[in-house]
Amino acid sequence: MRRKLFSVVIATAILSVGAASADQLEDIKARGTLVCATLGTAEPFSFADPQPREIVGYDMDLCQAIADDIGVKMEAKPISVEARIPELVQGRVDIVAGNLGYTPERAQQIDYTTAYFVSLQKLLVKADSEFDTIDSLANSRISAPKGSSSERYVREVLPQASLLTFQDPPSAFLALAQSKVDAMILSEINAEKFIAQTGEKFRFVDEAVAKEYWGLGVRKNEEAFLQQVNATLKRLEESAEGDAIFDKWLGEDTVYKLEKPFKFDEAVSDPVLRPAS
């Protein structure tokens with residue numbers, strides 16, 4: 001009898017936990033905080049600003065807009081590239097804004113919002129390098145952030161290359177700067193900052209390895225929260241606010257000088273890879 005009663009108590013507890021976490025949007029409202037995971041080392045998307053002593057950037061402004069629409073505070077949580085999906089799935093963060101390129105494999109683990117950026121994945125080499133095409137790097141050494149989509153694209157497009165992975169983009173770039181590798185693969189927008197900081201001692205291989213869509217990551221089966229985030233992105237697209245955020249961090253008055261090549265309410269899709277030779 002005691003064992004049966006114990007089983008009933010455990011089952012009730014499990015059901016209670018499930019019910020409590022059944023609607024993430026309501027949990028966020030009750031908590032009063034949206035926990036937004038971000039890399040914190042990928043300028044201009046998210047990086048530490050010494051003046052306010054906090055993480056700022058494109059990702060942070062988008063997370064703030066989402067939090068404002070929900071009516072809660074926004075809390076930034078720095079994480080590594082490889083921790084993005086585990087932290088989300090395990091419920092330690094509410095949403096991931098961390099250069100999260102869409103892949104079918106990731107989409108089996110998490111849900112994506114509509115697009116918040118479209119990225120060209122490119123190979124970066126030293127300015128005086130002999131490598132000038134993707135094919136010329138077929139048997140070379142290439143660095144990439146560990147667990148990133150950049151790593152995956154190299155494995156698919158240049159399967160014979162020796163790939164060295166690092167904890168974050170700055171570490172992968174340092175390997176190139178110290179000639180430990182022949183090239184680094186990274187989103188063009190992130191790699192541009194390295195070029196600007198080093199006086200153009202590095203250059204891109206012209207052809208892109210891949211074109212990928214970035215979405216914000218949310219947990220599976222949280223439809224109300226997903227719809228809320230997509231509603232914010234749609235509002236940003238239909239108002240001047242979305243363009244203002246993009247221009248602030250990536251537009252003509254920045255070192256990147258980009259024109260917004262996507263719409264915030266545009267569906268994410270499979271990356272377009274350069275065919276392997």
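These legends accompany several close-up views of one predicted model. Local features need pLDDT of at least 70 and side-chain atom pairs count only at pLDDT 80 or more, while totals for chains, interfaces and linings use all residues. Residues are numbered from 1 along each chain as its sequence is written, and side-chain values use heavy atoms, with hydrogens and water left out.

View A. Let us begin with Q121, which sits in strand β7 (residues 110–126); helices (H or I, at least four residues) and strands (E, at least two) are DSSP runs, numbered from the N terminus. Q121 has a relative accessible area of 2% and is therefore buried; buried means under 20%, exposed over 50% and partly exposed in between, using a 1.4 Å probe and protein chains only. Beyond its neighbours within four places in sequence, Q121 is in contact (heavy atoms within 4.5 Å) with residues including S149, Y153, I185, A208 and E212.

View B. A salt bridge here is a side-chain nitrogen of Lys or Arg within 4 Å of a carboxyl oxygen of Asp or Glu. K122 is buried, at a relative accessible area of 13%.

View C. Helix α8 spans residues 188–197, and its buried residues are I189, N190, A191, K193, F194 and I195. A196, also found in helix α8, is partly exposed because its relative accessibility is 45%. Just after α8, look for G199, which takes a positive phi of about 65°.

View D. E151 and R155 form a salt bridge, their closest N and O atoms lying 2.9 Å apart. The two are 4 residues apart in helix α6 (residues 149–157), so about one helical turn separates them. E151 is buried at 14% relative accessible area, whereas R155 is partly exposed at 46%.

**View E. K248 reaching D61.** The side chains of K248 and D61 meet in a salt bridge of 3.1 Å, N to O. K248 lies in helix α10 and D61 in helix α3 (residues 58–70), 187 residues apart, so the pair links distant parts of the chain. D61 counts as partly exposed, with 22% relative accessibility.
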